[in-house]
Amino acid sequence: MSRDVRIRSADGQDIDAILPLFTAYRVFYEMEPRAGDSWVFLVDRLADGSASVLLAEDEEGAGLGFALCYASFDSLSLAPQLILHDLFVEPEARGHGIGRALLGAVQELAQESGACAVVLQTAHDNAAAQALYRAAGYRRDEVFASFRLELPA
C-alpha cells in the first residue's frame, strides 16, 4: 500500500467512523442513506455480536473503508463459514490497496474463527469489485444460483 493504513476490529465506540462509510456504501447501491436507521442497525449488530466490522483507517484515524461480516454455517462442509456481506472503500482512497488489505483481514478473521470459507455476493455489473475478489483468490460460484424473496415490511 502506498498509504499508511491500519485495519482493526471495530466496536460500538466506532459507529461515528463507520456510519459515513456505511451510508456511502448504501448510496453506491442506489439505496437511500437513512443515516438514523443505519446508525441503529450498526449499533444493534455490534452490540449483539451478530456482526464483525473491520475498519480501515489512515494515520490520523479517519475511516477509509470497512468490511462487515456475519458468521454462518455451510451444511455441505459441516463447518462454519464467514459471510462477507459488505465491503466498501471511499472512492478517493481506492487504488491504494485498502480493499486488498480489508480482504486479508477478513480472511484472517475467518481462519481465526475456524471457518471453512468466506462467501460473498456483489452486483453483476461491479467489475472493479469482481476483479479485486478474483485477484485475492475468490472464485465465482458456477454451481449454485443466488435467489432472493422480498418480504412485505
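Student: What handedness does the crossing of H1 and H2 have?
Tutor: The crossing of H1 and H2 is right-handed. Keep in mind that this is a predicted model.

Student: Which residues make that contact?
Tutor: H1 brings Ile15, Asp16, Ile18, Leu19, Phe22, Thr23 and Arg26. H2 brings Ala35, Ser38, Trp39, Phe41, Leu42, Val43 and Leu46. These residues divide into 10 nonpolar, two polar and two charged.

Student: Where do the two helices lie in the chain, and at what angle do they cross?
Tutor: H1 covers residues 15–28 and H2 covers residues 35–47. Their axes come within 10 Å and cross at roughly 120°.

Student: Why is H1 called oblique to H2?
Tutor: Set the angle against the cut-offs. Roughly perpendicular runs from 65 to 115 degrees, and roughly antiparallel needs over 145. The crossing angle is roughly 120°. Therefore H1 counts as oblique to H2.

Student: How many disulfides are there?
Tutor: The count is zero.

Student: How do you know that Cys69 is in no disulfide?
Tutor: The nearest cysteine sulfur belongs to Cys116 and is 14 Å away. A disulfide needs two cysteine sulfur atoms within 2.5 Å. The sulfur of Cys116 is therefore too far from that of Cys69 for a bond.

Student: Why is Cys69 called buried?
Tutor: Buried means under 20% relative accessible area. Cys69 has 1%, so Cys69 is buried.

Notes: Residues numbered from 1 in each chain as written. Predicted model: local features only at pLDDT ≥ 70, side-chain atom pairs only at ≥ 80, totals over all residues. Heavy atoms only, no water. Axes fitted to C-alpha atoms, helices over the stretch in contact; angles between N-to-C directions. Helix = DSSP H or I, 4+ residues; strand = E, 2+ residues; numbered from the N terminus. Parallel < 35°, antiparallel > 145°, perpendicular 65-115°, else oblique. Left-handed = near helix turned anticlockwise from the far one by under 90°. Contact = heavy atoms within 4.5 Å. Nonpolar A, V, L, I, M, F, W, Y, C, P; charged D, E, K, R; others polar. Buried < 20%, exposed > 50% of the residue type's maximum accessible area, 1.4 Å probe, protein only.
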